[in-house]
Amino acid sequence: MQENTGVTADYPGDAEVTDDFGLAGVPDAFQRLWTPHRLAYIKGGQGQFKNQDDCPFCVAPSRTDEESLIVRRGKTCYVVLNLFPYNPGHLLVCPYRHVPDYTDITVQETAEMAELTQTAMRVLRKVANPSGFNLGMNQGVAGGAGIAAHLHQHVVPRWGGDGNFFPIIAQTKAITQTLDEVRQQVADAWPEESDLSGETDA
């Protein structure tokens, strides 16, 4: 027996593209969010990037900021949007060098990573007004690092109520802006080097 799919010719444009052919399946109360682009990442697993040639954090700086979603380039580290954001504006601060562990970076890299993280928080407060942040590094596969071979720090803006039932029940995050829009907004608001001295959150 063919079930009614609920699609009618009353919806604008449906009459021109809808025929009477029906596919198998029983309608339910759930919406489907198709994300086939994630399959390559999922199938690759956490050990997929072993060296500099295939590491996305090593390849990114060789492309344009727009192509790689880079927000800011520093001397030893850079800031990039997470391709799989937990929230809009989810940034990653990465050293250019392909090193896996926080203890592997130099004093200079450590200082710039901290400076870029602080500036990222200030910029996100300015453009998106988050209520808080999660900052952190997942070290090693056992520690939950998606790309364990290349160190990166997460800067995740948080708002009250953003941890709702949707990601828990449906394992889906609703992101309200495209990555390109967020990258441009954050990059445009990033202060010049001369503006960093004496900067405060006030």
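1. V80 stands opposite L92 in β3. The model is predicted. The strands involved are β2, residues 77-81, and β3, residues 91-95. They pair in the antiparallel sense, over five bridges.

2. That pair belongs to an open sheet of five strands. The order is β1-β2-β3-β5-β4, and the pairing is antiparallel. β1 (70-73) and β4 (132-136) stand at the edges. Each has a single partner strand, so one side of each is left without a neighbour in the sheet. From one strand to the next, the twist averages 20°.

3. Helix α5, residues 107-128, packs on the sheet. It touches β1, β2, β3, β4 and β5 (153-158). The direction of α5 makes about 165° with that of β3.

4. Helix α7, residues 179-189, also packs on the sheet. Its contacts there are with β1, β2 and β3. The direction of α7 makes about 30° with that of β1.

5. How do α5 and α7 pack, and at what angle? The angle is about 115°, with the axes 9 Å apart. That makes α5 roughly perpendicular to α7; the class covers 65 to 115 degrees. The crossing of α5 past α7 is right-handed.

6. Which residues meet where α5 contacts α7? From α5 come V123, L124, K126 and V127. From α7 come Q185, V186 and A189. By class, the contact has five nonpolar residues, one polar and one charged.

Terms used:
Residues are numbered from 1 along each chain as its sequence is written. This is a predicted model: local features need pLDDT of at least 70, side-chain atom pairs count only at pLDDT 80 or more; totals for chains, interfaces and linings use all residues. Side-chain values use heavy atoms; hydrogens and water are left out. Two strands pair if DSSP finds at least two bridges between them. Helices (H or I, at least four residues) and strands (E, at least two) are DSSP runs, numbered from the N terminus. Axes are lines fitted to C-alpha atoms, for helices over the stretch in contact, and angles run from 0 to 180 degrees between N-to-C directions. Contact means heavy atoms within 4.5 Å. Angles under 35 degrees count as roughly parallel, over 145 as roughly antiparallel, 65 to 115 as roughly perpendicular and the rest as oblique. A crossing is left-handed if the near helix is turned anticlockwise from the far one by less than a right angle, and right-handed if clockwise. Ala, Val, Leu, Ile, Met, Phe, Trp, Tyr, Cys and Pro count as nonpolar, Asp, Glu, Lys and Arg as charged, and the others, Gly among them, as polar.
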